[in-house]
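Visitor: I would like to learn how to read domains and confidence in a model of this kind. Please take me through it.

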Amino acid sequence: MNREASVTVPAPRMLLSRGTRETLSNYTYLLPAAICLGGTVLFPIFKAIHMSLYQNVLSRPQDYRFIGLGNYLRLLHDPTFWLTLKNSLVWVVFSVGFQFVLGFGVALLLNAEFKGRTFYRTLNLLPWIIPGVVVGLVWEYLYQPNYGPINDILRRVGLLRVPIAWLSEPVYAMAGVIFANIWRGIPFFSIMILAGLQAIPDEVYEAATVDGASITQRFWHVTLPMLRPIIVVATATRIIWTFNYADLIFVMTNGGPANATQITSSYTLLSAYTDLDFGYAATLSVVLLVIMLVFTACYLKFTKGVESVSG
Amino acid sequence: MRTQRSGDLPERILGGPVLWTGLAIMTLFAMGPFLWALSASLKTRAELYATPITYIPVHPTFLNYVEAWTSRLTPFSRFFANSLWVSSVTMVATIVISTSAGYALARFRFVGKNTLMLVFLATQMFPAVLLIAPLLSQWYALGLVDTYQALIYSNFSFTVPFTVWMLVGYFESIPRELEESAMIDGSTRFGAMLRIIVPLAAPGIAATAIFAFVSSWSELLFATTFTSSTEMRTLSAGLLYMAGQYEVQWGQLSAGVIISTIPVAVLFTFLQKHLIRGLTAGALKG
């Protein structure tokens, strides 16, 4: 007998056991995804917490031992860690701030009606979809002091006399990586805001026009308030993402020169990848995780719970 | 009634010169770096290091592509094949796993379903950096370092949450009655899902598949950390490896950049509509 087929016409006395069996079979649909996330996300997170309690430098296996909160104490007294937090703040504020403003501008442009809009939209998307390593390497080339076009153009228009090694000068390096990151992130905001703009019904604008509102008044009193939800979601997602995003810095400067571009997530990577200090890297991961969770919790509270996220 | 957008003077200026200037600047800014890489990839060695810099290759050549593709130190043909294999397997496996989970979350009632959805949402935001140290020691323990499996399994950590999240939405938009009537006709729940729901959700599934492929294709940190030999590197890891070699060969590197970009650019133009819908669905309420 086909027991799945008879579920829709249940016999009253069998209900409970059928129900239990059905629940079990329902859970099997989730099993592969649960195993995947368990093995590649949840277990590693617990593992990271566990690892953070040990001194564990791969190049010195003889020193492996339990040190309790030793790594966390070391972190509190590590000036580089505090420097990376400050750098992360600069990195996030300037990257997301400019991405938002410029992305908003691009969204307003793309919301106008003109021929070839889809074509322009696709071109505008390109910086966002290409691999991070490509972004990093191309910008490294653009900044290159002798053969890179940025120095060349600045010299041709007379703004520079001597070429600058943008990514090797501590003063300019952070601005350099942020600029590349802005270039990469503009499309994200423009897509989100464009979607928001297109969801505003025309009638609202018509009513405002009938009431004599000028285009600037319509922008401040109609467009912006109606975009508020999407702006909140987009900005919050972007802040978390940018805070954690290490690829670009890893490729372009590896945190240098002299930690000038070292953000907390790239520092985590450096500890694991270059120093092979897994205990400390895991400690940094746990701190990153906590910062992220706190931010997400505040954000969810701010937007009043799950409903506004899952929509 | 008046046509609504012909209004006052500032509006006409905004719709005319401002719009076209803005579009021109935007496009130049977005495309400039690509055009530079494309131009550099077609230059001869002498021209790459000549002063003053040229912006359009004087003697365009495909030599850089040929050299990058066949190089023994940084074999792009091998990197390309590795990327293709890792991304394809990740894509197929992700789709099987996520279709099943997405269907269950869309159709069945579970205890703690909302919490589970929140977990899927939150894991999307988990940074790869956070997982590097624990995953590497995990792959060491399992003897999987420097294998395709390590890369494919690690990629699940970001492909599965996003695709499940997107597929739940697609499945919810398909009426339940369709598979319920099939089940009355004697089909199993699983059979009904495969024969009725999956074909109807095919466009959504295809879009999430492309997403899984493209994001695996671009993945860098796992690919760099979990492989050690040159012949196991993917395009992203291979490009970084190449940039770290002796003196940077900008010509070959630019050719590599173009080779890695074209597949994702082509796929994304197909995916655009679906991706935007998936991205903005949460923020726009339905």
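Visitor: Into which domains is chain B divided?

Guide: In this predicted model, chain B has domain 1 at residues 9-61 and domain 2 at residues 67-284. Their C-alpha centres are 32 Å apart.

Visitor: How many residues of domain 1 of chain B are in contact with domain 2 of chain B?

Guide: Contact here is a matter of C-beta atoms within 7 Å. Seven residues of domain 1 of chain B are in contact with six residues of domain 2 of chain B.

Visitor: Which elements give two or more residues to the domain 1 side in chain B?

Guide: They are α1 (9-41) and α2 (45-48) of chain B. α1(B) gives the most, with four residues. By class, that side of domain 1 of chain B has four nonpolar residues, two charged and one polar.

Visitor: Into which domains is chain A divided?

Guide: Chain A has domain 1 over residues 5-45 and domain 2 over residues 78-310. Taken over C-alpha atoms, 41 Å separate the centres of these two domains of chain A.

Visitor: What is the mean pLDDT of chain A?

Guide: pLDDT is the predictor's confidence in each residue, from 0 to 100. For chain A the mean is 85, with 92% of residues at 70 or more. Residues 1-7 of chain A are below 50, and this stretch has ten contacts in the model beyond near neighbours in sequence.

Visitor: What about residues 305-311 of chain A?

Guide: Their pLDDT stays under 50 as well, and the model has 15 contacts for them beyond four places in sequence.

Technical notes:
Residues numbered from 1 in each chain as written. Chains lettered and ligands numbered in written order. Predicted model: local features only at pLDDT ≥ 70, side-chain atom pairs only at ≥ 80, totals over all residues. Contact = placed C-beta atoms within 7 Å. Domains from an automatic or database assignment. Nonpolar A, V, L, I, M, F, W, Y, C, P; charged D, E, K, R; others polar.
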